[in-house]
Amino acid sequence: MTVRERLREKISAAFYRHGLLCASYPVPIILFTSASILACCYPLLRLPLPGTGPVEFTTRVRDYTVPSHEPQGDLGERPDWYRGPPVAYIQQVLVKAAVSPWDSTLVPVDVFRSPLGRVFSLLEEIRNHVHNDGSGVRSLEALCLQVTDLLPGLRRMQTVLPEHGCLLVSPGNYWQNQRELFDSDPDLLKTVHQHEPKGLHTSATLRDLLFGVPVKHTGVSLYSRKRVVTYTITMVLGSYDARFLSSLRARLRQLHPSVNCSLREDHMVHVHFKEEIGMAELIPLVTTYIILFAYIYFSTRKIDMVKSKWGLALAAVVTVLSSLLMSVGLCTLFGLTPTLNGGEIFPYLVVVIGLENVLVLTKSVVSTPVDLEVKLRIAQGLSNESWSIMKNMATELCIILIGYFTLVPAIQEFCLFAVVGLVSDFFLQMFFFTTVLSIDIRRMELADLNRRLPAEAGMPPPKPGPLRPREAPPPPRPSPYTITLQTPAFRNLRLPKRLRVVYFLARTRLAQRFIMVGTVIWIGILAYTDPAGLRTYLAAQVSEQSPLGEGGAGGLPPHLGVASVFPGPGGDPASTLSVLPAPAEPTPLPENQSQGHHGAPREGVPHQAQAPPLVPQISWGAEDEEGWRRLSFRHWPSLFSYYNITLAKRYISILPVIPVTLHLSPREAIETRHPQDTRHPPPPKHLAAREHPYLLIYKLSALGLAAGVLLVLLLFCLYRVLCPRNYGQNGVAHGRRRRGDLPCDDYGYSPPISEISPLLLRGHSMDIECLASDGMLLASCCLAGQIRVWDAQTGDCLTVIPKHGGCWEQRDGWDAVGVAEPENLGGGTEPGGRVFDEDEGYPLRRRTTPRPALFEDQPDLTPLIDTNFDSQPPSHLLLTPPRDGFDFGGLVERAYLEHEPPSPGLTASYPSPSPPSGPPPQRRRSLGYIQPPVPQGQGTPDWESAVWAMELRGNLIAAGRSSGKLELWDAVEGSLRCSNEDGVSGITALAFLNNRIVAARLDGSLDFFTVDINKPLGLLQYRGPPGRSNIPPSPCYSSEDVISCQLTRSVQCAHQKPITVLRAAAGRVVTGSQDHTVRVYRLEDSCCLFTLQGHSGGITAIYIDQTMVLASGGQDGAICLWDVLTGSRVSHVYGHRGDVTSLVCTTSCVISSGLDDLICIWDRSTGIKLYSIQQEVGCGASLGVISESLLVTGGQGCVSFWDLNFGDLLQTVYLGQSSDGQGVRQLVVLNNAAIVCDFGSELSLVYVPSVLEKLD
Amino acid sequence: QSTVRSGSGQTNPSRGTYIAVITNRSTTLVIRGFMLFSIGVFLALVLNLLQVQRNVTLFPPDVISSIFSSAWWVPPCCGTASAIIGLLYPCIDCRLGEPHKFKREWSSVMRCVAVFVGINHASAKVDFANNVQLSLTLAALSIGLWWTFDRSRSGFGLGVVIALLATLSTQLLVYNGVFQYTSPDFLYIRSWLPCIFFAGVITMGNIGRQLALYECKLMSEKTHQD
């Protein structure tokens, strides 16, 4: 034993023990894992949250020096970005100007025209300011940030923003800093507005940039009440010179003194901008994430065979994500600060760590034997994959370690994260995922048990009979033959389209969800466009609309609400408080002038309303100190980005603002007037708005309340309209619903109750063997050879052939034998059958019976039957000669032929393992060497030989007998019209199409007959309402016609082996044989068109319909779809373990049933299996399609209706009282929406009422 | 009597809805080629954007033009090359008679693409001390890519050959002045170029093989039947 092998064994054993541990104590282990994840993620709390908002740092102006690049010793609270010089220094000159005293002769434009006009002289002053001291002469030109071109996309701003020079912005830029242009501008507001972007904008607008204060505060408006204009002149300085700036400040202060200004001037704020992700980086990032999601999708899609796929996929993703978090957390714990952009490297980390191990684990555990205990399954699965998991992990670690030695810092950091992530991922896989997997597997087993147990409980244990046909026992029935299920729920058949739409809407809560999403989006938009919230907005609106009548008591000044929007950490803590005195001062009173006569009598508060000259008071509050805070935080980045300077990961320093107060005399205002200014109409009197502000708020809130109530009512009505009133009451009132009887859909909608009652047609004395129908009539033939013709609508027996029992007494005697005979036949089966049944009594066995693996412990069944059966024929042969007319060989053949589909409309019914229907597969297998002695030469009609095949067209019954004789009977009169004895080999299958009959014989030959009538075709009368059925109504042969049946062609060796299936449609005859081939003949000239090869077993089922679709199923479990026109194979699928017993097609799908009791539904065009239905063992294999979406299957004493679209069981109709009864082996769907099936010696006619309604 | 051998009209089962379209091999070939072409064009555009460095400002007005900042013929060339490579790989596998069995799943292919984008990302964003280090790191990463997702000798050989040819042709284009490096380094070529080419070839080959997998399955089924 090498070291490697020993190591491998050790690892495997360790994993095994670990798996046992995990599966034994799932809850403690999950708790432990969660705790360790949380513990490892704890250090992450210390990491700053990612965000794009700017951060600030405040220093004192006095001892300011440009920070050096190298971090110094005592950093203190100094942030790590505060290194090196800033991009720029921002110096703002905040100008507040007002015309005072305000004169009633002034027009609204005067509020801002002359104050704005003063900007040019100020600019002049600033530009020309020169500071001269010992070291030299400094001017703004030398200090300011020199900018070059604007970005090429900003051509339209070229006239407004400075280029090739100092970056100095002010409102004067609108007029190219030229006083003449300003003076000649007839409409200042229009000039300002024409540069504004249309629609919603997020970043700073040009107006914000130039004015330097938010639009609301500029006061540049015709309806301004404060009559104070505020704007800034923003200087962007490239280098800092304290002396120049202080001299400029002193100069400006000297020129325009601000009396009551107490702004602090000793702090400068450094603002650091985070990296923002631009479009160019966003696209690759999004691509990476898309690839990541595709990877996760494709990986988790492979999880299969578990109880909850989604749950496990989620667990896998959680495993990877939390291992990444743990890795970052651990790295932080040990002192490593992540420098990489987390969002960028995250997808790569996930991809490197990968989901593979998790999937491998799941696959391995799932593929362990099902019957093992869950613990052992987990342990085995783990230990199976232990070696490969360890190997993979070692390889990945090696690769990452190699990456670590590239010595590139970024890659090293990535590798470190990856290594820690890999290890923690391994830990989580072993503890977290394995435990989740064990819980899942246990749940699956529990679900399996739950599903099987009710059937167990409902079955009397010692009953030797066959299995219950359905998983659920039949509910208590009011009458023996009627079943009322709570809800038949043919919902997709019966419901009209509009109701279905409404149901769909209600079921998916589409409307509610839509409204919810809409609301969320609306709120999102609201919050986005107005981050301060609705309240501030409303307050501002209200206070703006209503002048402050009572000296600040009425409402807050507008700037108060907004000032709190950007409460800077560096701001003065008293800033909000210090605002309050401002309104208390006589500041806003000028506006009160016009409403003095309103306000004065209302309250006795003394105020200055009587003061005739209005002096717009210019006040300086703390909010002016850092006025830039009220701007968008994108203000500075967007200003710099116009010149292709990015502020990402850099900072700017904002210097204390220089206040400038301008008082202009009315005379000056009038002088600077433009001739057109007076044409503006005086501001409209806001009489409506001059109500009490409280009243306005009340009105607003009442309005809002009413709107809210209305909205709620509307939603409620909508809800009531869309959802039915009996929401969840009708359908599932009876508690837990068992699987199997699925009475209504998952949401409790129950369509009206309706009943399906089978109509039993009695009369046959023995089991029914052949069944044929043409829609109006129904012919059946029993083992006794009696043919009865029924009316398919009413169920009346029309004719009995033979009319009087000539050999009836004989038959009675035969009956005893017939009854005993199956016992003989079943002799072989009995022991096996008993074993089988006893096994069924044991719950665990029962649980797994559908699986073929279980038959391994009953291996004696098949050989027993075979050998016994082999010994049977001689005894039959011995018995036959003494008794004339009793043909045991024929009986055997007959028994075989039960499983031959006699008519195209019929679906083949193939053996079920239950004893009453015998062991047909074996019988069929032995068919090859059974050459029954066929009694010959009996007169016409031939009562002795049995009817093996029967067909009904018009009122002619074609019966093929074991003697090889073909008889044509009149269905109404019961008289023999014609017979043909050309062949000697028994007719095993018949096809009757138009006026041709095709007969397949036991020796593999195929005979084509033509039915001739000596009457011209024009005289044929048609019966039946035209258009009612899909197939053309059959011609009716009157009794006067002489009908002859001639053999036109006989294909002697159509197949090497017996023909098992014969179908005819659309002018084609298709035969399937045991020689693995399918042949297609043309009906007219009986010419063989194709021999279709492709099956590796005998053909057992064929389907062909008018649309020339041909499907064939074989003993190999394969289903082939063929193109009848070209003979090519369209698709080839394997669906069943064992024979395909029956095949039906609809326009969209192919339905097959097999010996494995599985019904598979395939997509017809693609050949993909849509779903499959596992039925109980022993269910019949007969299938029928009633409509495009309604499938009917025969079971033991019942028929079941299935919804083809969803695979739901809609209803099970029990045919008789004794539910242990015979299986339904033949099932014919009549075109009046009824089905006929055989039920022992009775026929059962089941109407499907909903389908009738639909057809009408 | 006409006997028709079965299996002549078989189609790809997973794309059965297009049964009428995808009936012969040439059609599937064209469709595959087109898919590979579009993947190549898309990757070329995105990776080119990765190389556009930080000097692009926030939401610049010409972000669309920066996607197409290189010459217009580069993405179609990349697309054509990737189509050829993607078709060549399965073809060579078939010729050599050693069908590629290693990790044939879409999730693995996605992983491969992600790693390829990651290599590009690293070459564009990570600051290396010198170009030799850059080249060596990228070479190691590319070979790691091959080892993780391909491990076939034919894949390696083809990758190396195509990478060398592509580098050579780019060099020729540069000499003729059709194309220009912004800053040539390490022996006057972009040192990451061959490695990126190699990784790209491996990735496209992986995608091509995965796309061709269905057809190969079909072929083997057919031969099995015969």
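Predicted model: local features only at pLDDT ≥ 70, side-chain atom pairs only at ≥ 80, totals over all residues.
Residues are numbered from 1 along each chain as its sequence is written, chains are lettered from A and ligands numbered from 1 in the order in which they are written, and side-chain values use heavy atoms, leaving out hydrogens and water.

**Helix crossing**

- Helix H3 covers residues 113–128 of chain A and helix H9 covers residues 242–255 of chain A; their axes come within 10 Å and cross at roughly 145°.
- Those axes are lines fitted to C-alpha atoms, for helices over the stretch in contact, with angles from 0 to 180 degrees between N-to-C directions; helices (H or I, at least four residues) and strands (E, at least two) are DSSP runs numbered from the N terminus.
- On the H3(A) side, A:Leu122, A:Glu125 and A:Ile126 make the contact, meeting A:Leu248, A:Arg251, A:Leu252 and A:Leu255 of H9(A) (contact means heavy atoms within 4.5 Å).
- The residues of this contact of H3(A) with H9(A) divide into five nonpolar, no polar and two charged (Ala, Val, Leu, Ile, Met, Phe, Trp, Tyr, Cys and Pro count as nonpolar, Asp, Glu, Lys and Arg as charged, and the others, Gly among them, as polar).

**Cysteines**

- One disulfide turns up in a search of the whole structure, over all chains (a pair of cysteine sulfur atoms within 2.5 Å).
- It is formed by A:Cys144 and A:Cys166, with sulfur atoms 1.7 Å apart; the torsion about their S-S bond is about -80°, so this disulfide is left-handed.
- The pair links distant parts of the chain, 22 residues apart: A:Cys144 sits in the loop between helix H4 (140–143) and strand S5 (146–147), and A:Cys166 in strand S6 (residues 165–166) of chain A.
- A:Cys144 and A:Cys166 are both buried (under 20% relative accessible area; exposed is over 50% and partly exposed in between, using a 1.4 Å probe and protein chains only).
- A:Cys40 is in no disulfide, as the nearest cysteine sulfur, in A:Cys41, is 6.7 Å away; A:Cys40 counts as buried at 15% relative accessibility.
- For A:Cys1087, the closest cysteine sulfur is in A:Cys1088 at 6.8 Å, too far for a bond; A:Cys1087 is partly exposed, at 28% relative accessible area.

**Aromatic rings**

- Over all chains, the search of the whole structure finds 20 aromatic pairs (rings of Phe, Tyr and Trp, the last by its six-membered ring, with centres within 6.5 Å; planes under 30 degrees apart are stacked, over 60 edge-to-face and the rest tilted).
- One of them joins A:Tyr64 and A:Tyr89, whose ring centres are 6.1 Å apart with planes at 85°, so the pair is edge-to-face.
- A:Tyr64 and A:Tyr89 are both buried.
- A:Phe427 and A:Phe431 form a tilted pair, 5.2 Å centre to centre with 45° between the planes; both lie in helix H15 (residues 409–457) of chain A, four residues apart.
- A cluster linked by ring pairs holds A:Phe120, A:Tyr174, A:Trp175, A:Phe182 and A:Phe211.

**A buried serine**

- A:Ser1244 lies in strand S45 (residues 1242–1247) of chain A and is buried, at 0% relative accessible area.
- Beyond its neighbours within four places in sequence, A:Ser1244 is in contact with residues including A:Pro758, A:Leu1215 and A:Cys1237.
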